[in-house]
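Please consult the sequence and the structure shown here alongside the notes.

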Amino acid sequence: MIRLFKVKEKQKELAENANGGAPIKKQTAGELRLHKDISELNLPKSCTITFPNGKDDLMNFEVSIRPDEGYYFGGTFLFSFQVSPIYPHEAPKVKCKTKVYHPNIDLEGNVCLNILREDWKPVLNINTIIYGLYHLFTEPNYEDPLNHDAAAVLRDNPKMFESNVRRAMSGGYVGQTFFPRCI
């Protein structure tokens with residue numbers, strides 16, 4: 001058993017010396033698919049993608065959404081994406097890093113979007129998710145809420161909901177909760 005490890009170490013050492021450095025890491029199927037998805041992105045002008053850990057870490061990135069219509073017009077909302085090595089067979093984990101008063105996003109940043117849960121299919125891609133997130137800001141949905149208070153206000157009093165969104169985005173309190181400025 002010990003000899004096998006010695007042989008493996010020797011082979012690794014020979015490979016490093018032959019390449020002039022560390023051996024090249026093979027990309028997983030998930031990384032290859034994600035690379036394809038990112039190269040084919042067709043984002044709206046109001047959305048941008050960044051790689052805080054550099055382009056070598058495609059599996060973790062951020063998307064900024066700046067709605068150009070609706071209740072959230074003018075706000076900027078940042079989402080983090082963590083993509084599993086078995087992508088596209090598992091949906092990416094998406095969190096909203098901007099505290100927002102929204103029926104489909106809770107105060108911890110969890111996002112209620114059907115294609116990130118029960119309706120995920122491997123034929124969907126990153127572009128589809130970003131458009132889905134954008135759509136949450138242009139058409140918030142009170143029927144499937146994570147923030148039940150915001151959903152009830154949107155359903156029962158859309159004018160008050162709009163006022164609450166503006167107050168939250170300007171940096172203020174809605175009820176007992178403080179929202180930092182995102183305009």
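The notes below proceed from the whole chain to selected residues.

The model is predicted: local features require pLDDT of at least 70, side-chain atom pairs count only at pLDDT 80 or more, and totals for chains, interfaces and linings use all residues. Residues are numbered from 1 along each chain as its sequence is written, and side-chain values use heavy atoms, with hydrogens and water left out.

**Overall architecture**

- The chain contains five helices and six strands, where helices (H or I, at least four residues) and strands (E, at least two) are DSSP runs numbered from the N terminus.
- Read from the N terminus, the order of elements is α-α-β-β-β-β-α-α-α-β-β.
- Of the 183 residues in the chain, 42% are buried; buried means under 20% relative accessible area, exposed over 50%, and partly exposed in between (1.4 Å probe, protein chains only).
- Among contacts (heavy atoms within 4.5 Å) between residues at least 6 apart in sequence, 53% join residues at least 24 apart.
- The accessible surface amounts to about 11100 Å², and carbon and sulfur atoms account for 54% of this area; accessible areas come from the Shrake-Rupley method with a 1.4 Å probe, and for residues only the protein chains shown count as cover.

**Cysteines**

- UniProt, in an unreviewed entry, lists Cys-112 under "active site"; UniProt positions follow the numbering used here, feature names are shortened, and annotations may be inferred rather than shown by experiment.
- Cys-112 lies in the loop between strand E4 (93-96) and helix H3 (126-138).
- Cys-112 counts as buried because its relative accessibility is 4%.
- Beyond residues up to four places away in sequence, Cys-112 touches Asn-104, Arg-117, Leu-136, Asp-144 and Leu-146.
- Cys-47 also counts as buried, at 5% relative accessibility.
- The count of disulfides is zero, a disulfide being a pair of cysteine sulfur atoms within 2.5 Å.

**Helix H3**

- H3 has 13 residues and spans 19 Å from its first C-alpha to its last, close to the 18 Å expected at 1.5 Å a residue; the expected span is 1.5 Å times one less than the number of residues.
- Ten of the 13 residues of H3 are buried, so the helix is mostly covered.
- The buried residues of H3 include Ile-126, Ile-129, Ile-130, Leu-133 and Phe-137.
- The cover over the buried residues of H3 includes helix H2 (29-39), strand E1 (47-50), strand E2 (60-65), strand E3 (77-82) and E4.
- Asn-125 caps the N-terminal end of H3, with a side-chain oxygen 3.1 Å from the backbone nitrogen of Asn-127.

**Glu-62 in strand E2**

- Glu-62 is located in strand E2 and counts as buried because its relative accessibility is 14%.
- The side chains of Glu-62 and Lys-97 make a polar contact at 2.6 Å; a polar contact is a pair of N or O atoms within 3.5 Å, where within protein one must be able to donate a hydrogen and the other to accept it, and residues adjacent in sequence count only if both atoms are side-chain atoms.
- Apart from neighbours within four places in sequence, the contacts of Glu-62 include Thr-48, Ile-49, Thr-50, Leu-78 and Phe-79.

- Ile-38 sits in helix H2 and is buried, with a relative accessible area of 15%.
- Ile-38 and Leu-58 are 20 residues apart in sequence, and their C-alpha atoms are 8.7 Å apart.
- Not counting residues up to four places away in sequence, Ile-38 touches Phe-51, Leu-58 and Phe-61.
- The peptide bond from Tyr-87 to Pro-88 is cis, with omega near 10°, and Pro-88 is found in the loop between E3 and E4.
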